[in-house]
Amino acid sequence: DDFGRVHFDEMFNPSRVPSISFGALADDYLSWKKEIGKVNNRDAKTTDKIVTNVALVREIIGDDTPVSRIDHDACERFLRQLATTPANRTKLYPGLRLEEAAELAAKNNKPLLAHKTQLQYLGALRDILQRALRKQLISHNPASGLQPLIERSEANHEKRDPFSLPQLSAFFSSSFYQS
């Protein structure tokens with residue numbers, strides 16, 4: 001008989017933000033990124049990369065997943081799935097679901113996504129959830145601070161050969177540096 005509270009069950013809280021699906025949030029995020037790209041005259045290649053990254057994130061998380069249900073455990077499942085995703089999956093295994101492609105890649109000993117590529121996909125998930133946070137659809141970003149399970153395979157100094165002395169000499173003796 002306590003009528004001092006507006007609600008007793010959180011489901012009936014009038015100030016509660018309605019949950020939306022991850023697919024709807026991803027669509028909203030893509031629309032926003034495309035608008036930013038248009039305003040800033042970004043090339044289509046940049047937009048296509050964002051669309052591709054979001055497509056894989058959507059495939060792993062699931063379009064029908066309520067955004068409010070994406071927690072730390074869901075983000076860890078995302079990381080585990082990324083860690084088993086083959087590089088060039090859509091080229092090597094067109095039309096196959098992600099799990100099927102990962103299974104075939106493991107059997108055929110195909111390379112997995114590199115650390116840098118996994119960072120890009122994780123960044124897309126983090127950005128989408130950050131948009132949900134700004135829209136007050138979630139109270140915190142569960143993807144914040146996460147890193148890919150696959151670590152870098154090589155040190156930074158091993159990635160590219162350094163410039164040779166003749167290359168450096170030619171570079172710094174150019175007309176740009178002579179004036």
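**Helix packing**

Colleague: At roughly what angle do the axes of α1 and α6 cross?

Modeller: The axes of α1 and α6 come within 10 Å. Axes here are lines fitted to C-alpha atoms, for helices over the stretch in contact, and angles run from 0 to 180 degrees between N-to-C directions. Helices (H or I, at least four residues) and strands (E, at least two) are DSSP runs, numbered from the N terminus. For α1 and α6 the crossing angle is roughly 95°.

Colleague: What kind of model is this, and which pLDDT do local features need?

Modeller: Residues are numbered from 1 along each chain as its sequence is written, and side-chain values use heavy atoms, with hydrogens and water left out. The model is a predicted one, in which side-chain atom pairs count only at pLDDT 80 or more, totals for chains, interfaces and linings use all residues, and local features need pLDDT of at least 70.

Colleague: Are α1 and α6 roughly parallel or roughly perpendicular to each other?

Modeller: Angles under 35 degrees count as roughly parallel, over 145 as roughly antiparallel, 65 to 115 as roughly perpendicular and the rest as oblique. The axes of α1 and α6 cross at roughly 95°. The two helices, α1 and α6, are therefore roughly perpendicular.

Colleague: How many nonpolar residues does the contact of α1 with α6 have?

Modeller: Contact means heavy atoms within 4.5 Å. From α1 come F22, L25, A26, D28, Y29 and W32, which meet L125, D127, I128, L129, R131 and A132 of α6. By class (Ala, Val, Leu, Ile, Met, Phe, Trp, Tyr, Cys and Pro nonpolar; Asp, Glu, Lys and Arg charged; the others, Gly among them, polar), the contact of α1 with α6 has three charged residues and no polar ones. The nonpolar residues in this contact number nine.

Colleague: How far apart are the axes of α2 and α6?

Modeller: α2 packs against α6 at an angle of about 80°. That angle makes α2 roughly perpendicular to α6. The distance between the axes is 9 Å.

Colleague: How many charged residues are there in the contact of α2 with α6?

Modeller: On the α2 side the contact is made by K49, T52, N53, V54, L56, V57 and I61, and on the α6 side by Q120, Y121, A124, L125 and I128. In the contact of α2 with α6, eight residues are nonpolar and three are polar. The charged residues in this contact number one.

**Whole chain**

Colleague: What share of the residues in the protein chain is buried?

Modeller: The protein chain has nine helices and zero strands. Buried means under 20% relative accessible area, exposed over 50%, and partly exposed in between (1.4 Å probe, protein chains only). Of the 179 residues in the protein chain, the buried share is 31%.

Colleague: Which residues does T85 contact, leaving aside its neighbours within four places in sequence?

Modeller: T85 lies in the loop between α3 (72-83) and α4 (89-92). Its relative accessibility is 2%, so T85 counts as buried. Its contacts, with those neighbours left aside, are L98, L112 and L113.

Colleague: Near what value is phi of N41?

Modeller: N41 is in the loop between α1 (22-39) and α2 (44-61). With 68% relative accessibility, N41 counts as exposed. Most residues other than glycine have a negative phi. Phi of N41 is positive, near 55°.

Colleague: What is the relative accessible area of N109?

Modeller: N109 lies in the loop between α5 (98-107) and α6 (115-134). Phi of N109 is also a positive value in a residue other than glycine, near 55°. N109 is exposed, and its relative accessible area is 70%.

**Aromatic residues**

Colleague: Which residues form the one aromatic cluster?

Modeller: Rings of Phe, Tyr and Trp (its six-membered ring) pair if their centres lie within 6.5 Å; planes under 30 degrees apart count as stacked, over 60 as edge-to-face and the rest as tilted. The count by this rule is four aromatic pairs. Among them, F171 and F172 are edge-to-face at 4.9 Å centre to centre and 85° between the planes, and F172 and Y177 have centres 5.0 Å apart and planes at 65°, so that pair is edge-to-face. The cluster is formed by F171, F172, F176 and Y177.
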